[in-house]
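Please examine the sequence and the structure shown below. The report that follows describes them for a reader who is new to the subject.

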Amino acid sequence: MKRIKNTLKIIVVLMLFVSCQKETPQRVVEKTVLKANLLAANYGIGYFEQLKELQKNEYLKYYDNDGEEYAATYSQYLHRVTIPDLERSLRDIQKLEVNEDSKELISTSIALFEYCIDFYKKDYAEIAYMYDEGKTQQEINQLIKEFKAKSLEEFKEKNLELDEAAKKYAEKKGVNLKFV
């Protein structure tokens with residue numbers, strides 16, 4: 001019995017030690033910057049081109065709460081896969097320890113994710129619905145063009161702010177970070 005208590009104490013101490021460890025600068029960059037690269041890659045028509053490819057290869061699917069796999073429409077995939085993944089990434093960033101060095105990087109990353117999640121929920125949802133309804137590519141392209149006209153500049157600005165904050169942080173912390 002005494003042996004079990006000692007073992008449990010050791011396990012508790014190890015769990016506390018592991019849970020209290022701070023994120024390394026490399027992990028901070030990965031969570032704030034590298035995940036944000038997906039936002040740029042999926043901006044505008046790029047996201048829907050990826051969905052087309054998934055659909056063509058029969059990989060446009062989601063898993064429901066019961067663990068069953070289902071074929072997805074564009075709207076279902078957006079709401080059941082993409083947006084929850086973005087929100088999970090945002091929560092991971094929000095959980096990072098903010099200090100003097102990381103404050104700007106974390107706040108600019110959060111701002112970019114919040115901005116993008118908002119247009120995924122509104123603008124992308126409308127575009128996805130048009131695909132699901134079988135609207136013509138010309139109609140869809142027009143809506144994407146309107147979306148870009150109202151959001152591209154702010155998206156670029158927020159992305160640039162994140163890049164600049166990441167460069168400063170990486171340089172200060174000795175993290176190898178290259179932009180292509």
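## Basis of the report

This is a predicted model, in which local features need pLDDT of at least 70 and side-chain atom pairs count only at pLDDT 80 or more, while totals for chains, interfaces and linings use all residues. Residues are numbered from 1 along each chain as its sequence is written, and side-chain values use heavy atoms, with hydrogens and water left out.

## Overall fold

The protein has 6 helices and 2 strands, arranged along the sequence in the pattern α-α-α-β-β-α-α-α. Helices (H or I, at least four residues) and strands (E, at least two) are DSSP runs, numbered from the N terminus.

Of the 180 residues in the protein, 34% are buried. Buried means under 20% relative accessible area, exposed over 50%, and partly exposed in between, with a 1.4 Å probe and protein chains only. A contact means heavy atoms within 4.5 Å. Among the contacts with a separation of 6 or more, 67% join residues 24 or more positions apart.

## The nonpolar core

A nonpolar core is a set of buried Ala, Val, Leu, Ile, Met, Phe, Trp, Tyr and Cys residues joined through side-chain atoms within 4.5 Å. The largest one here has 48 residues, and Leu39, Phe48, Phe119, Tyr120 and Tyr124 have the most contacts inside it. At least two residues come from each of H2, H3, H4, H5 and helix H6 (137–173), with H5 supplying the largest share, 16 residues.

Phe119 touches Tyr43, Tyr124, Phe147 and Phe155, when residues up to four places away in sequence are not counted.

## Helices H3 and H6

Two packed helices are described by the angle between their axes and the distance between the axes. The axes of H3 and H6 come within 11 Å and cross at roughly 145 degrees. Axes are lines fitted to C-alpha atoms, for helices over the stretch in contact, and angles run from 0 to 180 degrees between N-to-C directions.

On the H3 side, Ile45, Phe48 and Lys52 meet Gln137, Asn141 and Ile144 of H6.

## The largest pocket

The largest pocket has a volume of about 270 Å³. A pocket is an open set of points on a 1 Å grid over the protein atoms alone, where a 1.4 Å probe fits, with protein on both sides within 12 Å along at least five of seven lines; lining residues have an atom within 4 Å of a point. Grid points are joined across faces, edges and corners, and a volume is the space filled by probe spheres set on the points.

Of the 16 lining residues, Leu38, Asn42, Thr82, Asp85 and Leu86 are the closest to the centre of the pocket. H4 gives the most to the lining, with 6 residues.

Which residues does Thr108 contact, leaving aside its neighbours within four places in sequence? They are Glu161, Leu162 and Ala165. Thr108 lies in helix H5 and is buried, with a relative accessible area of 11%. Its C-alpha atom is separated by 8.4 Å from that of Asn159, 51 residues apart along the chain.

Lys158, in helix H6, counts as buried because its relative accessible area is 18%. Glu58 lies in the loop between H3 and strand S1 (61–63) and is exposed, with a relative accessible area of 61%.
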